Amino acid sequence: MTKNEITIDTSALMPKQLKLWRLIRNRAGVVMLRGKAGVAKSATCNAIAKGVLYNGQPLNFIDLRLSQMDETHFGFPYRQKAKDGSNYEVMDYAMPEWFEEACDKPTLINFEELNRCSQDVQNAALEILNERTLHGKKLPEHVYMIATGNMGEEDGCAVQEFDNALINRLILVDFELTYEEWCEYYANENVTNYVVDFIADYKEQHYYTPKAKILENEGLPFATPRSWTNLSKVLMPMAESNNFSSIINFVKKYGKSYVGKDASIDFQNWLGQVHNITFDKVIAGKVREYYFTKSDLVRQLKAIKSDVKKGVLKTDKLNKREQENLKSTFEKFGV
């Protein structure tokens, strides 16, 4: 590689992330991800930055939460003497630290909630998005940009409508993350198994239910990938120390504050059964062995096998797959 040659390695990106990166990289307009609140738009942007290796190093990620900013975050004006030595004063700007940081190293900037911020902030952001400049200073080629925004009426968020001139400068991408994608891209490594497995059994609690939609409009918590992730951050240390009683107690007391009442109740009921191995779980191939000590798992499986031998549990009407699951589970654990 020559001194000025640039290598960009995207082999670590997942398929959906790679498709977005190709749009970002081309700079033929600025990509704006539009999706429901809490559906992991910003997390996906962060994952893209981590997965793109620019000359062997991941992109620096700057997340600008525009709804929490004002115009001073885009430079603070001050007066100074004119450079020609005259007595006149000219207006200049102290550049924001995040802008200088981006200029210093390869970076992906996420302009978050572009359609929920004040008009002054939006105008400042659009100068950068459209012209790649701020107060006359141009961003280097190693800086990439993306924007995110909410849906508006569809997800209960107050947003500003873009005019046609602005829309024509943005590449609007409707973004959603299925449960399977959430697991593959993020949750399997960052969210406790209790949450991941619960939602596998209750897919409707991954994001929204009709009741959750009503709760959201009333300003109450509801289930989203983000709210499940936040709950998981509290539960993770308890799970790692096998403190199951603390998990149950915390969800009973505070679960609805994270994911809403309906999802919390379903989660509590599911937790009450997760450490019980039932015949139905065995024939469905859903024995999650990592929740059990070896002795406890064997003890429960022996009880099921005993009931099968006694005829208490009937196996004559099981299909081929269920019969195979029953046999393989007993064999696997030496029951």
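1. Met 32 has Ala 147 in strand 11 as its bridge partner. Strand 2 (residues 30-34) and strand 11 (residues 143-149) run parallel and are joined by three bridges. Two strands count as paired if DSSP finds at least two bridges between them. Helices (H or I, at least four residues) and strands (E, at least two) are DSSP runs, numbered from the N terminus.

2. A word on the source: this is a predicted model, in which local features need pLDDT of at least 70 and side-chain atom pairs count only at pLDDT 80 or more, while totals for chains, interfaces and linings use all residues. Residues are numbered from 1 along each chain as its sequence is written, and side-chain values use heavy atoms, with hydrogens and water left out.

3. Now the sheet around that pair. It is open, with five strands in the order 5-8-11-2-12 and parallel pairing. Strand 5 (60-65) and strand 12 (170-174) are at the edges with a single partner strand each, so one side of each has no neighbour in the sheet. From one strand to the next, the twist averages 25 degrees (angles run from 0 to 180 degrees between N-to-C directions, with axes fitted to C-alpha atoms, for helices over the stretch in contact).

4. Two helices to look at next: helix 2 (residues 41-51) packs on this sheet, touching strands 2, 5, 8 (107-112) and 11, and its direction makes about 175 degrees with that of strand 8. Helix 3 (residues 97-104) also packs there, touching strands 5, 8 and 11, at about 155 degrees to the direction of strand 5. Contact here means heavy atoms within 4.5 Å.

5. Do have a look at the other open sheet too: three strands, order 1-3-4, antiparallel pairing. Strand 1 (8-9) and strand 4 (57-58) stand at its edges. Two bridges join strand 3 (residues 53-54) to strand 4, and Tyr 54 stands opposite Gln 57.

6. The axes of helix 6 (residues 179-190) and helix 9 (residues 225-240) come within 10 Å and cross at roughly 20 degrees. Trp 182, Tyr 186 and Asn 190 of helix 6 meet Pro 225, Trp 228, Thr 229, Ser 232 and Met 236 of helix 9.

7. Finally, Gln 205 lies in the loop between helix 7 (193-201) and helix 8 (210-217). Gln 205 is buried, at a relative accessible area of 5% (buried means under 20%, exposed over 50%, partly exposed in between, with a 1.4 Å probe and protein chains only). Leaving aside residues up to four places away in sequence, Gln 205 touches Phe 198, Ala 223, Trp 228, Asp 262, Ala 263 and Asp 266.
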